[in-house]
Amino acid sequence: MLVAVDIGNTNIELGFLDGNRISGTYRITTKADHTADEYGLLLTEFLGMRGFRADDVDDVIICSVVPKVMHSFRASIIKFLDLEPMVVGPGIKTGMNVRIDDPKSLGADILADCVGAYHVYGGPVLVADFGTATTFTHVSGQGVIDAGVITTGIRSGAAALWSGTAQLPEVEITRPQTILGTNTKVCMQAGLYYTFLGGVERTIKQFRRELDGEEFKVIATGGLGRVFSDDTDLIDVYDPDLIFKGMAYIHRRNLR
């Protein structure tokens with residue numbers, strides 16, 4: 001069994017891959033002050049919940065955008081699973097050609113998302129990841145990562161709204177029943193939801209315009225991707241496990 005670990009700014013996501021099947025996924029809040037023992041205990045508990053033991057794990061692959069957490073989590077893998085994890089980063093074989101100004105600046109999570117989208121759904125493809133930040137990354141029909149957009153995530157934007165104002169409360173980020181708000185809560189939810197959705201649709205249309213009408217697929221992923229994917233015809237597929245599929249492919253290309 002392969003354990004895939006995505007260390008993000010908000011959450012650490014674990015995927016247990018038994019062959020081509022994802023047998024379980026779990027989330028841990030990302031905290032830089034967690035020790036290797038704390039991460040190791042959580043990992044082994046999650047394995048136990050799926051009926052696995054530490055010695056059932058054949059290998060581990062890690063994708064991280066949080067260097068402060070990487071040291072502790074890597075140490076937990078070595079201590080609790082007796083394995084040296086594979087790390088997505090420079091020098092790793094992905095089968096993709098990265099043609100941006102500074103290829104090394106491409107986030108490991110974006111790279112894994114693109115690998116998963118291209119090899120599962122084909123190209124050309126636009127990958128929309130709704131995480132702490134919202135990213136759009138284009139992959140050509142030849143597997144070339146050649147352009148992208150990075151903007152604030154809706155949670156980050158919403159937090160700025162209520163933390164920067166004296167009388168606006170924190171609200172759940174969800175699709176309201178109507179845009180015709182008659183109270184502060186609904187007005188805020190409608191504003192957050194529809195302005196963000198409008199930005200998503202405008203971004204996708206602009207990619208198509210500047211790519212001369214190229215008929216790429218749009219694959220959404222990330223925690224809030226499901227909220228928006230059902231409300232627009234411009235998103236073709238929502239795949240919450242996209243990064244794990246990409247990491248599994250990367251692992252197969254780099255088997256040790």
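This is a short tour of the structure, one selection at a time.

**The whole chain**

Start with everything shown. The model is predicted. Colour by secondary structure: the protein has seven helices and 11 strands. Its radius of gyration is 19 Å, close to the 18 Å that the globule rule gives for 256 residues, so the protein is as compact as a globular protein of that length. The C-alpha trace spans about 55 × 45 × 30 Å along them.

Buried residues make up 46% of the 256 residues. The protein exposes about 12,900 Å², and carbon and sulfur atoms supply 49% of that area. Among contacts with a separation of 6 or more, 56% join residues 24 or more positions apart.

Colour by charge next. There are 24 positive and 32 negative charges, and their mean positions are 1 Å apart.

Cys63 is buried, at 0% relative accessibility. Cys114 is buried as well, also at 0%.

**Select Gly40**

Move to helix α1, residues 36-49, where Gly40 lies. Is Gly40 buried or exposed? Its relative accessibility is 0%, so Gly40 counts as buried. Show the residues around it. Leaving aside neighbours within four places in sequence, Gly40 is in contact with Ser76 and Phe80. Then pick Ile78. Gly40 and Ile78 are 38 residues apart in sequence, yet their C-alpha atoms are 9.2 Å apart in space.

**Select His251**

Go to helix α7, residues 242-253; His251 is in this helix. His251 counts as buried, at 9% relative accessibility. Which residues does His251 contact, leaving aside neighbours within four places in sequence? They are Leu2, Asp59, Ile61 and Met86.

Find the loop between β8 (133-139) and β9 (144-152), which holds Ser140. Ser140 counts as buried because its relative accessibility is 9%, under the 20% cut-off. Not counting residues up to four places away in sequence, Ser140 touches Tyr118, Gly123, Pro124 and Asp146.

Two of those contacts, Gly123 and Pro124, deserve a separate look. The peptide bond from Gly123 to Pro124 is cis, with omega near 0°. Pro124 sits in the loop between α3 (108-121) and β7 (125-130).

Finish with two loop residues. Asp82 is in the loop between α2 (67-81) and β5 (86-87). Asp82 has a positive phi of about 55° although it is not a glycine. Asp82 is exposed, with a relative accessible area of 67%.

Asp212 lies in the loop between α5 (184-210) and β10 (217-221). What is the phi of Asp212? It is positive, about 55°, although Asp212 is not a glycine. Asp212 counts as exposed, at 75% relative accessibility.

Key. Residues numbered from 1 in each chain as written. Predicted model: local features only at pLDDT ≥ 70, side-chain atom pairs only at ≥ 80, totals over all residues. Heavy atoms only, no water. Helix = DSSP H or I, 4+ residues; strand = E, 2+ residues; numbered from the N terminus. Rg over C-alpha atoms; globule rule 2.2 N^0.38 Å. Buried < 20%, exposed > 50% of the residue type's maximum accessible area, 1.4 Å probe, protein only. Contact = heavy atoms within 4.5 Å. Areas by Shrake-Rupley, 256 points an atom, 1.4 Å probe, with all protein chains shown as cover. Lys, Arg positive; Asp, Glu negative; His and termini not counted. Charge placed at Lys NZ, Arg CZ, Asp CG, Glu CD.
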